[in-house]
Amino acid sequence: MFNPSPKQFKLVKALLFALALLPAVRLLVFGFTGRLGANPIEFITRSSGDWTLYFICLTLAVTPLRRFTNWHWLVKLRRMIGLFGFFYASLHFTTFLWFDHFFDIGEMLKDMVKRPFITVGFIAFVLLLPLALTSTNGMIRRLGGKRWQWLHRSVYVVAMLGILHFWWMRAGKHNFEKPILFGTIVAALLLVRIYFAWRNRGAGVAKSRAAVQKRQVTPTPT
């Protein structure tokens, strides 16, 4: 079992941070060198949207991967991965609000009514906000572990809304390859989580029964 030392873990975290920034750096480089194509806004919007889903899927994959490999240190990376998902979601939304509508809220709302896939994407972004805001240790203590866990399980709802947003966006061109891929990944990760929850519940029931049987066979002192 790979268990990095504190120094090795810092290197892993720094490497992951650098890799997670690469898509944003790529957009900057392409922007300054005129390589964003004929429609730069569409290029930025699609790239940031794709990377939002990539990081959400990576966030959801941490727990199953930890359970299968016993690499418990992976949990320490989940917060950073999730925040990068929020970062690219913010870039995705800001591109839509700024370059598409020049911060005209009224026009943005009209566009949302006209195109439901934008409404779904906006709802997903709004649901991401409390997850990002409660990602600190202080907020975990304030909310309490159980309430914090229940809140952050809504990331599955965010993922499904993001995939629906992507699906509807691609419907006009009948190009569903990526939405299907993302949907399959999220469904598989959700099924793995359900499996582990079912297995843990079964183990808990068996443990309770064993405890009851032990009490029944233990003679009562007189």
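The second largest pocket is lined by 34 residues, and those nearest its centre are Thr 45, Gly 49, His 92, His 165 and Met 169. The structure is a predicted model, in which local features require pLDDT of at least 70 and side-chain atom pairs count only at pLDDT 80 or more, whereas totals for chains, interfaces and linings use all residues. Residues are numbered from 1 along each chain as its sequence is written, and side-chain values use heavy atoms, with hydrogens and water left out.

A pocket is defined on a 1 Å grid over the protein atoms alone, as an open set of points where a 1.4 Å probe fits, with protein on both sides within 12 Å along at least five of seven lines; lining residues have an atom within 4 Å of a point. The second largest pocket holds about 790 Å³ of space, a volume being the space filled by probe spheres set on points joined across faces, edges and corners. H2, H3, H5 and H8 each contribute at least two residues to the lining of the second largest pocket, and H2 gives the most, with 12 residues. Helices are DSSP runs (H or I, at least four residues) numbered from the N terminus. The lining of the second largest pocket comprises 17 nonpolar, 9 polar and 8 charged residues; Ala, Val, Leu, Ile, Met, Phe, Trp, Tyr, Cys and Pro count as nonpolar, Asp, Glu, Lys and Arg as charged, and the others, Gly among them, as polar.

The largest pocket has a volume of about 930 Å³. Its lining consists of 32 residues, of which Arg 78, Trp 148, His 152, Arg 153 and Arg 193 are the closest to its centre. At least two lining residues of the largest pocket come from each of H2 (40–69), H3 (75–100), H5 (116–133), H7 (145–152), H8 (155–171) and H9 (177–217). By class, 19 residues of this lining are nonpolar, 8 polar and 5 charged.

Helix H2 has 30 residues and reaches 42 Å from its first C-alpha to its last, close to the 44 Å expected at 1.5 Å a residue; the expected span is 1.5 Å times one less than the number of residues. At Ala 61, H2 bends by about 35°, and Pro 64 follows within four residues. The bend is the angle between axes fitted to the seven residues ending at a position and the seven starting there. For H3, the 26 residues should span 38 Å, and the end C-alpha atoms are 37 Å apart, which agrees.

Thr 45 lies in H2 and is buried, at 15% relative accessibility (buried is under 20% relative accessible area, exposed over 50%, partly exposed in between, with a 1.4 Å probe and protein chains only). Beyond four places in sequence, Thr 45 touches His 92 and Thr 95, contact meaning heavy atoms within 4.5 Å. Thr 45 and Phe 93 are 48 residues apart in sequence and 8.1 Å apart in space, C-alpha to C-alpha. Ser 48, also placed in H2, is buried at 1% relative accessibility. Leaving aside neighbours within four places in sequence, Ser 48 is in contact with Tyr 88, Leu 91 and His 92.

Most residues other than glycine have a negative phi. Asn 70, in the loop between H2 and H3, has a positive phi near 65° and is partly exposed, with a relative accessible area of 40%. H3 is followed by Phe 102, with a positive phi near 50°. Phe 103, in the loop between H3 and H4 (105–114), has a positive phi of about 60° and is partly exposed at 48% relative accessibility.
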